[in-house]
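Subject: The two-chain model, handed over

Hi there,

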2 protein chains.
Amino acid sequence: MEKIAVIGCGLIGQGWATIFAQSGYDVAIYDASPEAAAKAMATMEPRLSDLAEYDLIKSSEIPNILARISVAASIEAALDDAIYVQESGPEDINIKTKITRELDTLAAGNVPIGSSTSGISASRYCNDIYGRSRCLVVHPINPPHLHAAVEIVPTQWTDKNVVKRVDNLMQKCGRQTILLNEEIDGFVVNRLQGALLEEAFKLVGSGVVSAEDLDKAICDGLGLRWAIMGPMQTIHLNAPGGVSDYVARYGKMYRGFGIGSYDEVDWASITKEKLATKMSQQIPVADISKAQVARDRRLMALLRHKKQVQVET
Amino acid sequence: MEKIAVIGCGLIGQGWATIFAQSGYDVAIYDASPEAAAKAMATMEPRLSDLAEYDLIKSSEIPNILARISVAASIEAALDDAIYVQESGPEDINIKTKITRELDTLAAGNVPIGSSTSGISASRYCNDIYGRSRCLVVHPINPPHLHAAVEIVPTQWTDKNVVKRVDNLMQKCGRQTILLNEEIDGFVVNRLQGALLEEAFKLVGSGVVSAEDLDKAICDGLGLRWAIMGPMQTIHLNAPGGVSDYVARYGKMYRGFGIGSYDEVDWASITKEKLATKMSQQIPVADISKAQVARDRRLMALLRHKKQVQVET
């Protein structure tokens with residue numbers, strides 16, 4: 001059985017350990033604080049029981065999953081024979097630099113070192129590190145074991161083969177990988193969240209709407225579709241002629257709201273160059289009305305689910 | 001039984017008719033094209049059957065619901081005795097002006113006239129209309145019968161009692177009302193969507209990420225939480241000390257991404273003035289860790305639901 005090292009045993013590290021062990025990997029967890037590692041081990045069983053209760057794993061698998069996770073007595077022991085290192089230490093650039101340098105010194109030469117950081121691009125801490133070509137960000141959403149989305153963010157030095165191997169590994173672990181072609185502050189997930197939050201703060205701050213009502217706009221509105229499909233597929237299905245038609249109909253309106261500071265972002269030309277063909281490969285324009293029917297059936301299934309959950313709680 | 005008039009029988013008008021009839025109101029639908037009205041009637045039965053299939057209504061209720069909806073022979077007949085008018089005509093300011101003027105002339109004096117417009121603030125078409133104090137926007141999300149969120153947007157002339165009556169009516173119809181205190185282009189729903197789309201176009205357009213991967217960031221990431229709770233409640237639960245703690249920890253980071261053109265939007269002071277107390281009334285800071293556990297259970301239930309839907313299709 002191949003082995004993965006998880007360095008840092010906070011909530012994120014614990015989530016990663018669960019994910020890797022569920023996918024059949026042996027997992028060595030290590031934390032500078034032995035108490036933290038012991039505490040992490042104690043959280044595994046209830047977390048897995050919860051997953052089983054919701055039919056996300058089988059109860060009968062739990063002992064095997066738990067048996068794959070162990071606390072390493074030292075960082076060296078954690079790294080020994082590991083095929084991948086997931087570093088989940090504190091969000092502090094100095095600590096990241098120190099840990100990554102140590103991992104690079106100790107880990108076998110071809111082992112990728114991924115960081116769970118949500119805010120620090122890898123180039124900022126691995127610049128002076130010998131093995132910077134194997135360093136990259138592999139950023140989950142909290143809690144990791146409940147969100148399949150994972151961002152993979154290479155630096156300009158990251159070996160393309162390292163990126164490919166990490167991407168494959170993550171997919172084997174059931175992750176939906178979001179591959180960034182270049183580093184950008186906040187990556188994709190938090191930039192999208194940040195853009196929505198910025199507008200939310202503007203609307204609440206100026207007194208246009210209460211926070212409570214704004215929340216309804218998402219959880220009883222946009223968020224329902226977004227739990228089923230992303231924003232690009234959403235707009236592709238919201239006009240009879242697909243995304244190009246959507247942007248032709250509504251692009252000017254949206255940009256007229258004065259949202260966003262990007263003078264250079266031209267929805268129409270981006271759609272023509274990067275979206276129209278790709279989205280039509282996913283769902284041909286001729287199939288849009290059929291796909292709308294399917295979307296509405298999934299929305300109804302989601303509404304039934306929400307209704308049931310409400311009755312139960 | 002009280003009666004509601006639905007003027008304009010496209011997809012939005014059809015959705016409204018279903019909603020009102022489900023809630024026990026008699027519904028008179030009218031369209032300038034009699035064919036459109038007849039066609040709308042023909043869509044009602046399959047739409048209701050779909051809702052019953054997904055346990056959102058009882059099959060046994062369908063005949064009663066259908067019996068409440070009828071095509072009015074004239075606009076006068078539609079308005080006769082109606083307690084509320086939902087106008088769902090074309091998105092064209094000249095047509096809106098013409099229809100609203102006609103409705104104002106024909107409807108009884110105290111009857112509110114709501115428009116389904118997604119993009120035209122009511123003040124732009126009702127300025128010169130005698131009964132402008134009863135005109136306002138009542139904007140659903142498409143398809144209306146599958147999204148509870150409804151935006152209520154009064155103009156500066158709209159009577160406060162009209163707003164209150166429409167809000168009550170919508171709540172009686174199971175709507176989650178989002179009450180705007182002033183008109184703003186795009187209202188709340190489309191401004192939030194527009195802000196996220198602007199960032200999405202920027203990221204895809206600049207080649208940072210593919211549209212396909214960007215979609216994963218939402219539907220396997222942020223969208224899961226947003227189907228359960230809005231963005232403000234989401235961040236309130238994402239720091240041990242609630243929303244103030246979240247903004248203290250991450251506000252500077254988000255604003256550092258260079259997203260949004262709002263120099264005047266200060267997350268920290270908005271949080272202090274408009275968010276902290278309100279969010280703590282919803283979920284006290286002392287209860288946050290308990291609420292996180294509840295959130296994770298709802299996330300697991302949602303993941304199980306998505307897994308089941310995938311198996312079925």
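Among contacts in chain A between residues at least 6 apart in sequence, what percentage join residues at least 24 apart? The answer is 62%.

Before going further, please keep in mind that this is a predicted model. For chain A the mean pLDDT is 95, and 99% of the residues reach 70 or more. For the complex, the predictor gives an ipTM of 0.96 and a pTM of 0.96.

**Chain A as a whole**

Chain A has 313 residues, and 52% of them count as buried. Its C-alpha trace spans about 60 × 50 × 45 Å along the principal axes. The secondary structure consists of 13 helices and eight strands. The chain is divided into domain 1, covering 3-179, and domain 2, covering 228-312. Taken over C-alpha atoms, the centres of domain 1 and domain 2 of chain A are 34 Å apart.

**The sheet of chain A**

The eight strands form an open sheet with mixed pairing, and its order in chain A is β3-β2-β1-β4-β5-β6-β7-β8. At the edges are β3 (69-71) and β8 of chain A; each has a single partner strand, so one side of each is left without a neighbour in the sheet. From one strand to the next, the twist averages 25°.

Helix α1 of chain A (residues 11-22) packs on this sheet, where it touches β1 (3-7), β2 (26-30), β3, β4 (82-87) and β6 of chain A. The direction of α1(A) makes about 165° with that of β2(A).

Five of the six residues of β4(A) are buried, which leaves the strand mostly covered. β1(A) and β4(A) run parallel and are joined by five bridges, with Ala5(A) standing opposite Val85(A). β4(A) also pairs with β5(A) in the parallel sense, over three bridges, and here Glu87(A) stands opposite Ser115(A). From there, β5(A) (residues 113-115) pairs with β6(A) (residues 135-140), again in the parallel sense over three bridges. The bridge partner of Ile113(A) in β6(A) is Cys135(A).

**Chain B**

In chain B, too, there is an open sheet of eight strands with mixed pairing, in the order β3-β2-β1-β4-β5-β6-β7-β8. The edge strands of chain B are β3 (69-71) and β8 (176-179), each of which pairs on one side only. Neighbouring strands of this sheet are turned by 25° against each other on average, direction ignored. α9(A) packs on this sheet of chain B, touching β7 (149-154) and β8 of chain B. The direction of α9(A) makes about 140° with that of β8(B).

Within chain B, β5 (residues 113-115) and β6 (residues 135-140) pair in the parallel sense over three bridges, and Gly114(B) stands opposite Leu136(B). Helix α1 of chain B (residues 11-22) lies across β1, β2, β3, β4 and β6 of chain B, running at about 165° to β2(B).

**Where the chains meet**

How many residues does each chain give to the contact? Chain A gives 89 residues and chain B gives 89 residues. On the side of chain A that touches chain B, the elements that give two or more residues include α2 (34-53), α9 (211-226) and α13 (288-312) of chain A. α8(A) gives the most to this side, with 16 residues. By class, the side of chain A that touches chain B has 53 nonpolar, 18 polar and 18 charged residues.

**Backbone details to check**

A cis peptide bond joins Asn142(A) and Pro143(A), with omega about -10°. Pro143(A) is in the loop between β6 and β7 of chain A. In chain B, a cis peptide bond joins Asn142(B) and Pro143(B), also with omega about -10°, and Pro143(B) is in the loop between β6 and β7 of chain B.

The other residue to look up is Phe187(A), in the loop between β8 and α8 of chain A. Its phi is near 55°, a positive value in a residue other than glycine. Why does Phe187(A) count as buried? Because it has 25 C-beta neighbours inside 10 Å, where 20 or more are needed. Phe187(B) lies in the loop between β8 and α8 (189-205) of chain B, and its phi is near 55°.

Note on methods
Residues are numbered from 1 along each chain as its sequence is written. Chains are lettered from A and ligands numbered from 1 in the order in which they are written. This is a predicted model: local features need pLDDT of at least 70, side-chain atom pairs count only at pLDDT 80 or more; totals for chains, interfaces and linings use all residues. Two residues are in contact if their C-beta atoms, placed from the backbone, lie within 7 Å. Helices (H or I, at least four residues) and strands (E, at least two) are DSSP runs, numbered from the N terminus. Ala, Val, Leu, Ile, Met, Phe, Trp, Tyr, Cys and Pro count as nonpolar, Asp, Glu, Lys and Arg as charged, and the others, Gly among them, as polar. Domain bounds come from an automatic or database domain assignment. Two strands pair if DSSP finds at least two bridges between them. Axes are lines fitted to C-alpha atoms, for helices over the stretch in contact, and angles run from 0 to 180 degrees between N-to-C directions. A residue is buried if 20 or more other C-beta atoms lie within 10 Å of its own, exposed if 12 or fewer, and partly exposed in between; C-beta atoms are placed from the backbone. pLDDT is the predictor's confidence in each residue, from 0 to 100.
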